[in-house]
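Welcome, and please take a moment to look over the sequence and the model. The briefing that follows walks through a few topics one by one.

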Number of protein chains: 2
Amino acid sequence: MTRWANAVPDRAEQQELKRKAIIREAARIFSRRGCHGATLDDVADRLGVSKAALYRYVRNKNDLLFACHEEAMEIADRTLTEGERSGRTGLEKIRIGMSAYLAEMIGELGVPVLILEENALQGEEAERIYALRDAYERRLRALVEQGIADGSILPMNPKLAVFMLLGAIHWVTKWYNPDGAWRAGEVAEALMELVTRALAAQPPAALGSAIHRGAAPAGTEP
Amino acid sequence: MTRWANAVPDRAEQQELKRKAIIREAARIFSRRGCHGATLDDVADRLGVSKAALYRYVRNKNDLLFACHEEAMEIADRTLTEGERSGRTGLEKIRIGMSAYLAEMIGELGVPVLILEENALQGEEAERIYALRDAYERRLRALVEQGIADGSILPMNPKLAVFMLLGAIHWVTKWYNPDGAWRAGEVAEALMELVTRALAAQPPAALGSAIHRGAAPAGTEP
DNA sequence: AATTTTGGTTACTGGTCGGTCACTTTTGCG
DNA sequence: CGCAAAAGTGACCGACCAGTAACCAAAATT
């Protein structure tokens with residue numbers, strides 16, 4: 001064993017880092033061009049390597065697509081747990097959790113990562129992602145029910161409410177421009193503040209986010 | 001010229017009918033499998049003809065995709081005009097117009113038709129669809145501003161509001177199951193009632209749609 | 001009945017893309 | 001240095017798919 005063990009990025013660590021970079025870039029391209037429309041050559045070119053090099057980090061295209069979805073779901077789960085911890089009412093938990101999810105997806109990951117088009121996944125990988133997604137939706141529905149019980153959310157159909165929330169969130173990948181004037185965190189906060197108003201039993205009299213108060217509408221056309 | 005001219009479907013009319021059928025089926029398949037993932041053989045098989053036969057009604061795949069989007073935008077424009085006529089406030093116009101759009105898309109067209117993945121379109125056709133879509137979004141934004149002016153909508157960023165509305169609407173194609181218990185019109189009404197609550201200056205104390213009042217949650221998983 | 005027009009079929013082609021293979025280059029290490 | 005393992009390359013293969021061509025059948029027209 002050498003001295004400075006783990007002081008400098010170690011072999012397996014670098015490997016994992018490169019794998020992450022591939023996944024991130026792939027997600028970006030899958031998102032823009034569609035899962036089938038994007039080619040592995042595109043991904044490789046973007047990273048400045050040859051397509052064959054990708055196969056040292058990923059078994060095949062389906063596996064890569066799976067990894068993209070898996071990372072997205074990991075973020076979704078983690079942020080929702082944060083929301084459940086820090087929110088007081090069911091509504092707050094949803095707003096905080098989903099806002100953090102959205103901010104991380106379009107912010108730190110640099111770009112809208114793709115969640116649409118799950119149907120492009122095949123085989124066992126598809127089943128695993130479906131299971132994760134269903135579990136996430138169940139958690140959200142439970143929070144809606146909790147919110148109805150604690151009086152923060154108006155009585156409504158939880159399934160429909162969750163579908164509406166997810167639609168508003170996922171659609172962001174279609175119009176958000178990371179080079180525009182809106183920062184990711186602002187967009188996430190403003191959008192969730194707005195959309196949770198649809199659920200709120202007593203909606204606030206006004207919207208507080210900077211974007212709603214009249215920030216310049218940036219060039220955000222897709 | 002024969003008697004009964006136009007009494008029986010005439011040649012050009014039948015041609016147009018078949019073209020519509022192709023477009024509808026294509027939209028269905030594009031929607032499910034993604035624009036690039038769907039093949040023209042799929043569409044042809046579904047219609048019980050050979051792929052080559054399609055080319056008598058459609059110039060190429062891009063043209064077919066264009067036709068799908070064009071029809072969707074035609075419906076969007078028409079229904080929004082209806083909404084503008086029959087609604088009193090800005091908010092009502094949005095709710096009525098978009099509800100009719102949604103109902104027609106997932107109801108009469110039988111199936112979620114695809115609006116996502118515009119980026120799959122290429123060439124001049126893409127520009128034309130972008131123009132239609134932008135015009136539609138501008139109309140919606142104008143209605144939001146009108147609603148803010150007439151007091152039906154809370155002051156907010158119109159761009160963000162429209163993006164949220166569109167997200168909630170378009171996402172329906174991901175989860176709505178035409179064979180489920182929810183009728184298309186009910187879903188459209190309930191969803192728009194819910195989502196417009198996010199904009200409303202004075203939201204109603206309760207939601208009136210059947211689905212919100214506790215209809216059985218159908219098997220609507222994608 | 002003869003003929004043109006229309007709607008359709010089967011078979012094929014050319015290009016694209018996922019995936020592999022044989023080979024070279026780089027890198028960590030004793 | 002010497003060398004083995006890891007990382008990466010370019011060429012290639014096979015499958016798939018949009019689009020075409022040659023050909024056939026059934027109408028409509030005359």
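A residue is called buried when its relative accessible area is under 20%, exposed when over 50%, and partly exposed in between, using a 1.4 Å probe and protein chains only. At 3% relative accessibility, A72(A) therefore counts as buried. This is a predicted model, in which local features need pLDDT of at least 70 and side-chain atom pairs count only at pLDDT 80 or more, while totals for chains, interfaces and linings use all residues. Residues are numbered from 1 along each chain as its sequence is written, chains are lettered from A and ligands numbered from 1 in the order in which they are written, and side-chain values use heavy atoms, with hydrogens and water left out.

**Chain A as a whole**

- Chain A has 8 helices and 0 strands; helices (H or I, at least four residues) and strands (E, at least two) are DSSP runs, numbered from the N terminus.
- Read from the N terminus, the elements of chain A go α-α-α-α-α-α-α-α.
- Of the 222 residues in chain A, 52% are buried.
- Contact means heavy atoms within 4.5 Å; among contacts in chain A between residues at least 6 apart in sequence, 68% join residues at least 24 apart.

- A72(A) sits in helix 4 (residues 61-86) of chain A, and its C-alpha atom is 9.6 Å from that of E104(A), 32 residues apart along the chain.
- S99(A) belongs to helix 5 (residues 90-108) of chain A, and it counts as buried because its relative accessibility is 15%.
- Beyond its neighbours within four places in sequence, S99(A) touches I94(A), A188(A), E189(A) and M192(A).

**Helices 6 and 7 of chain A**

- Helix 6 (residues 123-150) of chain A packs against helix 7 (residues 158-175) of chain A at an angle of about 120 degrees, with the axes 9 Å apart; axes are lines fitted to C-alpha atoms, for helices over the stretch in contact, and angles run from 0 to 180 degrees between N-to-C directions.
- That angle makes helix 6 of chain A oblique to helix 7 of chain A, since angles under 35 degrees count as roughly parallel, over 145 as roughly antiparallel, 65 to 115 as roughly perpendicular and the rest as oblique.
- On the helix 6 side of chain A, Y136(A), E137(A), L140(A), R141(A), V144(A) and E145(A) meet P158(A), K159(A), A161(A), V162(A), F163(A) and L166(A) of helix 7 of chain A.
- This contact of helix 6 with helix 7 of chain A has 8 nonpolar, no polar and 4 charged residues; Ala, Val, Leu, Ile, Met, Phe, Trp, Tyr, Cys and Pro count as nonpolar, Asp, Glu, Lys and Arg as charged, and the others, Gly among them, as polar.

**Aromatic rings**

- Rings of Phe, Tyr and Trp (its six-membered ring) pair if their centres lie within 6.5 Å, and planes under 30 degrees apart count as stacked, over 60 as edge-to-face and the rest as tilted.
- Over all chains, this rule gives 6 aromatic pairs.
- F163(A) and W175(B) are stacked, because their ring centres are 4.2 Å apart and their planes are at 10 degrees.
- This pair crosses between chains, from helix 7 of chain A to helix 7 (residues 158-175) of chain B.
- Both F163(A) and W175(B) are buried, and together with W182(B) they form one aromatic cluster.
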